[in-house]
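Me: I would like to learn how to read a protein model with some care, going feature by feature. Could you take me through one?

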Amino acid sequence: MEQYEPDRLSPAQVAAMRRSFTNGRAALSRRSLLRASAGGALAVGGLGALSGCGIPAAGKTQGGVSADDHSAKEKVIDFSNWPEYIDVDDSGKHRPTLDAFAKRTGIQVKYTEDINDNDEFFGKVQPQLAAGQDTGRDLIVVTDWLAARMIRLGYVQKLDASNLPHAFANLSDQFRSPDWDPGRAYSYPWQGISTVIAYNKKALDGVEVKSVSDLLDNPKLKGRVGFLTEMRDSIGMTMLDMGKDPAKFTDDDYDAVIARLQKAVDKGQIRRFTGNDYTSDLTKGDFAACVAWAGDIVQLQADSPDVGYVIPDSGYMTSTDNMLIPNKARHKTNAERLIDYYYELEPAAELAAYINYVSPVAGVQPYLAKIDKSAADNPLIIPDKAMQAKSHAFRSLSSKEETAYQQKFAKLTGA
């Protein structure tokens, strides 16, 4: 069992954390928005061939629809992302990594923070994509289940491997081949999201927490345990604890997890299911321990020295936010150059130092250490090989499975 006792974060991380709580991700409850709208990753089928760098094609779809690529003449990129999900300078007016990209390439990036919810964003662009129209965006960032859906529907374009040498070479093995996009033919991760067990040392008062079983079964924690309203995280973490693989489970496996969690609800062991608001319960001590998102824990530790985390022996859940190029994008090559740029080690380190999520870029650690050594040494930002080996992803779901599983989970949580 691995347990990490947090050190105090560096001044740079404290500053980033405070920015986030005043006007950033935490203030906007971005994590709850991001994860609560998990409308259903759908399975992607067989493989074809994709030339270049040995990258296999993703599943067969209706096929991405390209437009005439105007990259050579129009040195621009329209990039849509989530709020407060990129590095910003102290003035709040400049994004250093984007500025450096523009200076080097001459390509200006029109960066828009217009993705606040996966379902909401998909509803905004789906009519245009279904009609074969340009969305006005060259690059978007969405969570893995929505990326899977868009690939299945044929709404995004295959990437040209020849424009992505750094991305292919430096992509962490942990994220290299999800079942919904084998070989990353359509997508590359922007950042990773880890789900762990968090605790308040003072509230635990000597009680040891090592596993999900401890959360569900230790009577000393009764009424002081939290789970997440995100189905894939709460079900996945419990499934791992029960010795089941979230990448291969059956309907019976899922029902067994629901039954186990229901038992804990019925006896009052679980205080409540939460979105991002668990952070308040945890820091106040209303939760002695809970299932939590690692990005939040990195931020909380700056002002809450009693907050720590555990990686269970059974493993932990991981997911990704992903860069994709929609159909009919006017500047596909430019967008691919930007994707590749964020897999260069120095820009990747600058991004990781600021936003503190899991970097998907292998080899970034020594570059991050030059900026912020505590961030580079934090396995919640740069997982070591032992931690990576414990990482598990929730398998893609059919639409039928998605509906059935969400209904059962909603009944469990009282949603």
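Me: What is the mean pLDDT of the chain, and which stretch has a pLDDT below 50?

Reply: The general idea is that where pLDDT is low, the predicted coordinates should not be read in detail. In this model the mean pLDDT of the chain is 86, and 84% of its residues reach 70 or more. Residues 1-62, however, have a pLDDT below 50, and in the model this stretch has 189 contacts beyond near neighbours in sequence.

Me: How should I read a pocket, and how many residues line the largest pocket here?

Reply: Rolling a probe the size of a water molecule over the atoms shows where empty space is left. Here the largest pocket holds about 410 Å³ of space. Its lining is made up of 25 residues, and those closest to the centre are P178, W180, T318, A393 and F394.

Me: Which helices and strands each supply at least two residues of that lining, and what is its make-up by class?

Reply: At least two lining residues come from each of α5 (144-152), α9 (231-241), β10 (316-324) and β11 (391-392), and β10 gives the largest share, with 4 residues. By class, the lining of the largest pocket has 9 nonpolar, 8 polar and 8 charged residues.

Me: Which residues are closest to the centre of the second largest pocket?

Reply: The second largest pocket contains about 280 Å³ of space. Among the 16 residues that line the second largest pocket, S172, A362, G363, P383 and Q388 are the closest to its centre, and the lining divides into 7 nonpolar, 5 polar and 4 charged residues.

Me: Which side chains make polar contacts with the side chain of R260?

Reply: R260 belongs to helix α10, residues 251-266. The side chain of R260 has a polar contact of 2.9 Å with the side chain of S213 and another, of 2.7 Å, with the side chain of D241. Apart from neighbours within four places in sequence, the residues in contact with R260 are S213, L216, D217, T238, D241 and M242.

Me: A side chain can also meet the backbone; which backbone nitrogens does the side chain of N200 reach?

Reply: N200 is part of strand β5, residues 188-200, and at 5% relative accessibility N200 counts as buried. A polar atom of the N200 side chain lies 3.0 Å from the backbone nitrogen of K202, and the side chain also reaches the backbone nitrogen of A203 at 3.0 Å. When residues up to four places away in sequence are not counted, N200 touches L282, T283, G285, F287, A288 and D306.

Me: Where is E113 placed, and which backbone nitrogen does its side chain reach?

Reply: E113 sits in the loop between β3 (108-112) and α4 (118-130), and its relative accessible area of 31% makes it partly exposed. The side chain of E113 reaches the backbone nitrogen of E84 at 3.3 Å. Leaving aside neighbours within four places in sequence, E113 is in contact with N81, W82, P83, E84 and R95. E113 and Y85 are 28 residues apart in sequence, with their C-alpha atoms 8.6 Å apart in space.

Me: Finally, how should I read phi, and are R184 and D205 buried or exposed?

Reply: Most residues other than glycine have a negative phi. R184 is not a glycine, yet it has a positive phi of about 55 degrees; R184 is found in the loop between α6 (165-170) and β5, and at 3% relative accessibility R184 counts as buried. D205, also not a glycine, has a positive phi of about 50 degrees. D205 is located in the loop between α7 (201-204) and α8 (212-217), and at 68% relative accessibility D205 counts as exposed.

How values were computed:
Residues numbered from 1 in each chain as written. Predicted model: local features only at pLDDT ≥ 70, side-chain atom pairs only at ≥ 80, totals over all residues. Heavy atoms only, no water. Polar contact = N/O pair within 3.5 Å; in protein donor to acceptor, adjacent residues only side chain to side chain. Contact = heavy atoms within 4.5 Å. pLDDT = per-residue confidence, 0-100. 1 Å grid on protein atoms, 1.4 Å probe; cavity = no way out; pocket = protein on both sides within 12 Å on 5 of 7 lines; lining within 4 Å. Points joined across faces, edges and corners; volume = space filled by probe spheres on them. Nonpolar A, V, L, I, M, F, W, Y, C, P; charged D, E, K, R; others polar. Buried < 20%, exposed > 50% of the residue type's maximum accessible area, 1.4 Å probe, protein only.
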